[in-house]
Amino acid sequence: MSKARTSLTRTSLVHLALIGYAIISVFPVFLTLINSMKDRNAIFRNPMQLPTPETFDLVGYTTVLGQGDFATYFQNSFIVTVASIALVLLFGAMAAFALSEYRFRGNTLMGLYLAIGIMIPIRLGTVAILQGMVATGLVNTLTALVLVYTAQGIPLAVFILSEFMRTVSDDLKNAGRIDGLSEYAIFFRLVLPLVRPAMATVAVFTMIPIWNDLWFPLILAPSEATKTVTLGSQIFIGQFVTNWNAVLAALSLAILPVLILYFIFSRQLIRGITSGAVK
Amino acid sequence: MGSLQLKSVRKSFGNVDVIKGIDLDVKDGEFVIFVGPSGCGKSTLLRIIAGLEDATSGSITINGTEVVTVPPAKRGIAMVFQSYALYPHLTVKDNMGLGLKQAGAPKDEIEKRVAKASGMLSLEKYLARRPAELSGGQRQRVAIGRAIVREPKLFLFDEPLSNLDAALRVNTRLEIARLHRELKATMIYVTHDQVEAMTLADKIVVLDAGVIQQVGSPMELYNRPANLFVAGFIGSPGMNFIDAGRLGASDAKTIGVRPEHITLSRESGDWQAKAVHVEHLGADTIVYLESEKVGAFTVRLFGEHHYQPDDVVFATPAENQLHRFDANGRAIR
């Protein structure tokens, strides 16, 4: 920032590091994709090889799309992810606003309590959660998953958003109060648009673990009607025989929707950053 | 149109008393300026009047109505903030109209009042723009326009010129003075800049450490400061304070004399002194001197004078312009 002058070695080193990291990150995805389009022998004989005319085979995809209710699984994953993100953003942002805006007894304590949620993995409470879901009759419903994922996502959301909300000018909120906006209007109409980049960040961080989760769908909603994609693709993994073509094809398909969601949010993220810079 | 009474208003944050009992009476149409060093509680006091902070105790009356329990939007006030605080996602027109819209005013009424206010501030050309597309001075005019549109009983200004550069500051200051004449509205204005205070105010309230030090017209404060703090705060360069013992005066502890009330001569005078530093400002020449008799002091001469550092000169204070202060720092009259 302090220097406009760029040195070639410096830039190339930075790029080298970034390219290296990008390769490491993308490699498993790449491997999944190429192998999903090869026949079974080729997967094991030459896992690194690109599909050639001899080894090219879409049997995995036909199995996945033919067998089971993959459309339903996708739909379930999608509903659970979108609903959870929406609830995490709504409640997380509201809690963050309260913590950053109002002075009340126990404010700091409440903030710390919520922050503890980031440090303690929610899976430790699985047994209790299952008992609770059984008692409320929510087992084998998508609601159960949405509730758990919302609880799982809120601590990080509150943590990130409250930091961002502290940067929103007090004068702006006060101007709203003098103009007769209610606290809700101040929150929704003044503060939320200004922390949109942070909301996009939170959405991305929340979305990926939810989409990829196997644990809670397996425990709380394993029924055919409520299976998510990750759980659905497990039917191809057996104790003795694993249908690798199908597993890889299912995983490749599962990447798509999450990619689309990511693009939506990252566009927001970039727009937020540039609008801030221009102002 | 609007008057304001404060009765023993106090404010504490935890154990810290920020405002320690303020009584103040602002008459209809007055331009009152709160001035004081940073941390003196002037902004807090303004926010208490606006209803953005609750007073710990005391009563606030606007136009004869007790408003302590009334929310900011219903107090009949409008506020202009230092950071403009414009809504970034609304156009200039919507920024100005939002308050009325929230209050449920009819559309043509809003339209009319926005047109009038933007006419006063020559903002007609910018009505469709967003704040990000305006310069600092224009933004502050929009913020003032937003206040005018509400036709409040009380205008509150919280250091509105601090974010502007020097030239714009003078222009906007003139603009605010003109608005005050045209609108004949009651205005309360917070600043730490004594030039703004002296040039704009009908009445200046000097605050320090959460207590009112003196209330009066600019010239009253200049000519008859009530205590050492006010004497030192008003006027630039600040008043010279001299230990009364050194001048052989027995009725006072400290003698104050303003830099502009001392004359310099190379031949003769009361205090022999040596020039330490000289500032040539064109219209003024400010000479910093060191004397064995009275210590360091400053002299402000009008016009150009060719004194140099290390020149030996004689200073003579104007006898009828001396201020006397007792051991507690209060003026002796």
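A residue is called buried here if 20 or more other C-beta atoms lie within 10 Å of its own, exposed if 12 or fewer do, and partly exposed in between. With that cut-off in hand, the reader can turn to this model, which is a predicted one, and begin with helix α1 of chain B, residues 42-50, where 9 of the 9 residues are buried, so the helix is largely enclosed by the rest of the structure. After α1(B) comes B:Gly51, which has a positive phi, near 90°.

The chain around this helix can now be described as a whole. Chain B contains 9 helices and 19 strands, and its C-alpha trace spans about 75 × 45 × 35 Å along the principal axes. Of the 333 residues in chain B, 41% are buried. When contacts in chain B with a separation of 6 or more are considered, 64% of them are accounted for by residues 24 or more positions apart.

In the loop between β7 (154-158) and α5 (166-183) of chain B one finds B:Glu159, whose phi is near 45°, a positive value in a residue other than glycine. B:Glu159 has 19 other C-beta atoms within 10 Å and is therefore partly exposed. Further along, B:Ser236 and B:Pro237 are joined by a cis peptide bond with an omega of about -5°, and B:Pro237 belongs to the loop between α8 (228-233) and β11 (240-243) of chain B. The loop between α7 (218-223) and α8 of chain B holds B:Arg224, which is partly exposed because 14 other C-beta atoms lie within 10 Å. Between the C-alpha atoms of B:Arg224 and B:Arg266, which are 42 residues apart along the chain, the separation is 31 Å.

The pLDDT of chain A averages 86, and 94% of the residues score at least 70. Within chain A, confidence is highest in helix α6 (residues 126-136), at a mean of 94, and lowest in helix α13 (residues 244-278), at 74.

The loop between α6 and α7 of chain A contains A:Asn140, a residue other than glycine whose phi is positive, near 60°. A:Asn140 counts as partly exposed because it has 15 C-beta neighbours inside 10 Å.

Helix α7 (residues 142-166) of chain A also packs with helix α5 (residues 107-119) of chain A, at an angle of about 125° and with their axes 7 Å apart. That angle makes α5(A) oblique to α7(A), and α5(A) passes α7(A) in a left-handed crossing. On the side of α5(A), the residues that meet the other helix are A:Gly111, A:Leu114, A:Ala115, A:Gly117 and A:Ile118, while α7(A) contributes A:Ile154, A:Pro155, A:Leu156, A:Val158, A:Phe159 and A:Ser162. By class, the residues of this contact divide into 8 nonpolar, 3 polar and no charged.

Finally, the two chains touch each other, in a contact that takes 14 residues from chain A and 19 residues from chain B. Which elements give two or more residues to the side of chain A that touches chain B? They are α8 (170-178) and α9 (183-194) of chain A, and α8(A) gives the most, with 6 residues. This side of chain A has 7 nonpolar, 3 polar and 4 charged residues, whereas the contact of α5(A) with α7(A) has no charged residues.

Key:
Residues are numbered from 1 along each chain as its sequence is written. Chains are lettered from A and ligands numbered from 1 in the order in which they are written. This is a predicted model: local features need pLDDT of at least 70, side-chain atom pairs count only at pLDDT 80 or more; totals for chains, interfaces and linings use all residues. Two residues are in contact if their C-beta atoms, placed from the backbone, lie within 7 Å. Helices (H or I, at least four residues) and strands (E, at least two) are DSSP runs, numbered from the N terminus. Ala, Val, Leu, Ile, Met, Phe, Trp, Tyr, Cys and Pro count as nonpolar, Asp, Glu, Lys and Arg as charged, and the others, Gly among them, as polar. Axes are lines fitted to C-alpha atoms, for helices over the stretch in contact, and angles run from 0 to 180 degrees between N-to-C directions. Angles under 35 degrees count as roughly parallel, over 145 as roughly antiparallel, 65 to 115 as roughly perpendicular and the rest as oblique. A crossing is left-handed if the near helix is turned anticlockwise from the far one by less than a right angle, and right-handed if clockwise. pLDDT is the predictor's confidence in each residue, from 0 to 100.
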